[in-house]
Amino acid sequence: MNKTGFGFLRLPMQDGEVDYTALDPLVDFFMEHGGYYFDTAYTYLNGKSEEAIRKAVVERKPRESFWIVDKLPGYKCKAKEDCNVYFEEQRKRCGVEYFDVFMLHWLNDTNYRIAEECGEFAFLQELKESGRAKRIGFSYHDSAALLDEILTAHPQVDYVQLQINYLDWESPSIQARQCYETAVKHGKKVIVMEPVKGGTLAKVPKEVEQLLKTFEPEESIASHAIRFVQSLPQVEICLSGMNEMAQMVDNMRDFTPISQEHKALLAKAAAMLKSSITVPCTGCGYCLKGCPKGIAIPRYFALYNDIMRTPAEGWKIRPVFDRLIKEHGAPADCIRCRACERSCPQKLPITDHLARAAEALGPQKKD
């Protein structure tokens, strides 16, 4: 069993550009080992992700050998006519005549209201009827109750893309299990995003690593997270943002479904992780778009987590912080406008975390 899809959000980069010398071999290996599902979105890498899909996949492989999956930035739309403008731009960026799956991106309470006002679900249905999209759906970040409302109102969708991993499975804010069960209730296939939670479940604290290694000494730490998701019956694709060959090789192995004993072990690991992670940020970068101070929020949170986990190594972390604030706004520059929090799929109190990070990382040295 292997349900891995190739997510084009976290690609190998060089000097701010996609590194095709690294990406092309990843695509080749993925497809040679049965992979076919390539996922992107209008906003990923400021459009470079869609361009990378065209260059690394569409222009190099037979069209019938892969699926291209893209997402409409419906939250940017002001009227239904805008949907087609974005769609055509995305289609040209990707270099395709049709999408195998086309979704609304990032539905939550606010964005769902926009979708309703702009007739975005009707637009999806028109794409499907005209053959410009073979299948339709949406990616989702909100409560199970709202998901139930959306799927009741729009039963025509084929897929729901959800954030699911063993750390968020019982999370009261992410509601991964409840959202999954809601999709199952409506008979929808599930595409999973963030199965390794932005790398959090690949690089775990020593005590969690020891727990997992004792159970299965030969398995990678990340594979536990991947197998947890792939074992869910209604999951059709488990997306992974792979930017190096070691990750690709590990993810494309055949997986066996996990046992009840393994599930219990991962629940224990999740409890241990929750007590050790200061800020459960996945590094998606959605918070960056509206920040008036240009604060590199995910990068500061990564440093903050490191320094809180290993305070004795602060001398190693501080120079990285000093270099970062010379190019970006510093945590202490936050004006608490909370634009970042309105964009955060994890529903984090970002401004509060930034204040704590500013204190932990020390005074600014921009000069």
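Strands (E, at least two residues) and helices (H or I, at least four) are DSSP runs, numbered from the N terminus.

A note to myself on the basis: this is a predicted model, where local features need pLDDT of at least 70 and side-chain atom pairs count only at pLDDT 80 or more, while totals for chains, interfaces and linings use all residues. Residues are numbered from 1 along each chain as its sequence is written, and side-chain values use heavy atoms, with hydrogens and water left out.

**Around E5**

I looked up how E5 and strand E6 (residues 99-107) pair, and the answer is parallel, over four bridges. For a pair of strands, DSSP has to find at least two bridges between them. From E5 the chain crosses through helix H3 (residues 80-94) to E6, in a right-handed β-α-β crossover. Right-handed means that, with the strands pointing away from the viewer, the path from the first strand over the helix to the second runs clockwise.

On the E4 side, I found three bridges joining E4 to E5, again in parallel. Here Tyr-37 stands opposite Trp-67 in E5. The crossover from E4 to E5 goes through helix H2 (residues 48-58) and is right-handed.

Is E5 enclosed or open? Six of the six residues of E5 (residues 67-72) are buried, so the strand is largely enclosed by the rest of the structure. Buried is under 20% relative accessible area, exposed is over 50%, and partly exposed lies in between (1.4 Å probe, protein chains only). I checked both faces: Trp-67, Val-69 and Lys-71 are buried on one side, and Ile-68, Asp-70 and Leu-72 on the other.

**The barrel**

I traced a closed barrel of eight strands, E1-E4-E5-E6-E7-E8-E9-E10, with parallel pairing. Strand E1 (residues 4-7) pairs with strand E10 (residues 235-240) in the parallel sense over three bridges. In this pair, Gly-5 stands opposite Leu-239 in E10.

**Two positive phi values**

Asp-15, with phi near 55°, is in the loop between strand E2 (13-14) and strand E3 (17-18). Glu-194 also has phi near 55°, and its loop lies between strand E9 (189-193) and helix H8 (206-215).

Which is buried and which is exposed? Asp-15 is exposed at a relative accessible area of 74%, whereas Glu-194 is buried at 12%.
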